[in-house]
Amino acid sequence: SGWSHDYLRHTLKNHAVSSYLIVEIERIVDYMTQSGLHDAPVAYRQASDALEQCDLLYSNSVLQYFASNAPLLDLISRVRPEYVLLDDLLAKGENDFFSTQTYYETAIPHRFIGLQKLLDELRSAGYSPLLIAPFASPIHGLIKALPMENFPEAFQLRHALSVLFKRTPEK
């Protein structure tokens with residue numbers, strides 16, 4: 001959504017954001033484009049569309065629903081952002097592991113991202129981590145540890161992460 005742009009617009013008197021592109025699936029792009037909920041500079045595109053270079057690529061929790069980091073790495077290689085910010089990232093350890101997430105009456109696949117694997121893949125793509133910090137994610141209005149008692153201790157996370165990467169200068 002364009003919530004981040006709305007936040008910038010309502011908190012900063014003078015900001016220089018001239019384009020704000022949201023990459024989504026076709027159904028959401030069609031709906032949001034027709035809805036008129038956001039004005040320029042907010043625009044919606046599909047990942048398959050031609051995309052321009054950007055300063056900041058931001059992703060929230062959507063990465064947990066991808067089978068791998070490949071779609072993220074492809075998008076990064078296409079738009080070559082100066083910074084990549086990944087919020088609400090459920091990541092720990094070396095490798096990914098998978099589970100199911102209960103969503104109302106259904107179960108959906110859920111990936112817990114191998115943090116070391118992600119860091120290595122982004123380094124290979126030319127990005128260095130600048131910051132790895134806890135992501136404050138209220139559960140029922142309270143900031144507390146994630147409820148993961150049903151997982152083996154090695155797979156439990158206390159909190160999601162915010163990870164900020166910067167493109168390394170080409171040599």
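Student: Are Phe97 and Phe112 buried or exposed?
Tutor: Both Phe97 and Phe112 are buried. Keep in mind that this is a predicted model.

Student: What makes Phe97 and Phe112 a stacked pair?
Tutor: Rings pair up if their centres lie within 6.5 Å, and planes under 30 degrees apart count as stacked. Here the centres are 4.6 Å apart and the planes sit at 5°, so the pair is stacked. The structure holds one aromatic pair.

Student: Which parts of the chain does the pair tie together?
Tutor: Phe97 belongs to strand S5 and Phe112 to strand S6 (residues 106-112), so the pair links parts that are 15 residues apart in sequence.

Student: Why is Asp96 called buried?
Tutor: The cut-off is under 20% relative accessible area. Asp96 comes in at 18%, so Asp96 counts as buried. You'll find Asp96 in the loop between strand S4 (83-89) and strand S5 (97-103).

Student: How do you know that Asp96 makes a polar contact with Arg111?
Tutor: The N or O atoms have to be within 3.5 Å, with one able to donate a hydrogen and the other to accept it. The side chains of Asp96 and Arg111 make such a contact at 2.9 Å. A polar atom of the Asp96 side chain also lies 2.7 Å from the backbone nitrogen of Gly114.

Technical notes. Residues numbered from 1 in each chain as written. Predicted model: local features only at pLDDT ≥ 70, side-chain atom pairs only at ≥ 80, totals over all residues. Heavy atoms only, no water. Helix = DSSP H or I, 4+ residues; strand = E, 2+ residues; numbered from the N terminus. Buried < 20%, exposed > 50% of the residue type's maximum accessible area, 1.4 Å probe, protein only. Phe/Tyr/Trp six-rings, centres within 6.5 Å; stacked < 30°, edge-to-face > 60°.
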